Amino acid sequence: MKYFAVFLPMKDEEKSREQRPAHLEFLAQKREAKQAVMFGRFVDGAGGLVIYQGESLEQVESWVKEDPYVASGARGYEIHEWEIAAMDIHK
């Protein structure tokens, strides 16, 4: 499995507010399926980030296009394959 960082830049704040419940439900389903590893919003209002785990960029992009934020035009998206480099912050 590969990891993909998906940036969801804000395009329409009103649509984002309207679509938030559906977006969070979508992510809960993806997390349950072990496809979404973590996610959160940028506190400056610029959008958010989702880390997906999948087989390919094409697979992850198909999921992203189903996200109510993206499907409604509330957010754009940018996908990058991500190589995790873990570090021990407790040293």
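This is a predicted model: local features need pLDDT of at least 70, side-chain atom pairs count only at pLDDT 80 or more; totals for chains, interfaces and linings use all residues.
Residues are numbered from 1 along each chain as its sequence is written, and side-chain values use heavy atoms, with hydrogens and water left out.

View 1. Ser-16 has a relative accessible area of 4%, so it counts as buried (under 20%; exposed is over 50% and partly exposed lies in between, using a 1.4 Å probe and protein chains only). Skip residues up to four places away in sequence, and Ser-16 touches Met-10, Tyr-69, Ala-74 and Arg-75 (heavy atoms within 4.5 Å). With Arg-75 there is also a side-chain polar contact of 3.0 Å (N or O atoms within 3.5 Å; within protein, one able to donate a hydrogen and the other to accept it, and residues adjacent in sequence counting only if both atoms are side-chain atoms).

**View 2. The largest pocket.** Its volume is about 310 Å³ (the space filled by probe spheres set on grid points, which are joined across faces, edges and corners). A pocket here is an open set of points on a 1 Å grid over the protein atoms alone, where a 1.4 Å probe fits, with protein on both sides within 12 Å along at least five of seven lines; lining residues have an atom within 4 Å of a point. Of the 20 lining residues, Arg-20, Arg-41, Gly-47, Tyr-69 and Arg-75 are the closest to the centre. Helix α1 gives the most to the lining, seven residues, and β2 (36-41) and β3 (47-54) each supply at least two.

**View 3. Tyr-52 and Trp-63, an aromatic pair.** The ring centres lie 5.9 Å apart with the planes at 50°, so this pair is tilted (centres of Phe, Tyr or Trp rings within 6.5 Å, taking the six-membered ring of Trp; under 30 degrees is stacked, over 60 edge-to-face, the rest tilted). Tyr-52 comes from strand β3 and Trp-63 from helix α2 (residues 57-66), 11 residues apart. Both residues are buried.

**View 4. Val-60 in helix α2.** Val-60 is buried, with a relative accessible area of 0%. Neighbours within four places in sequence aside, Val-60 is in contact with Phe-4, Val-6, Tyr-52 and Gly-54.

Notes: Helices (H or I, at least four residues) and strands (E, at least two) are DSSP runs, numbered from the N terminus.
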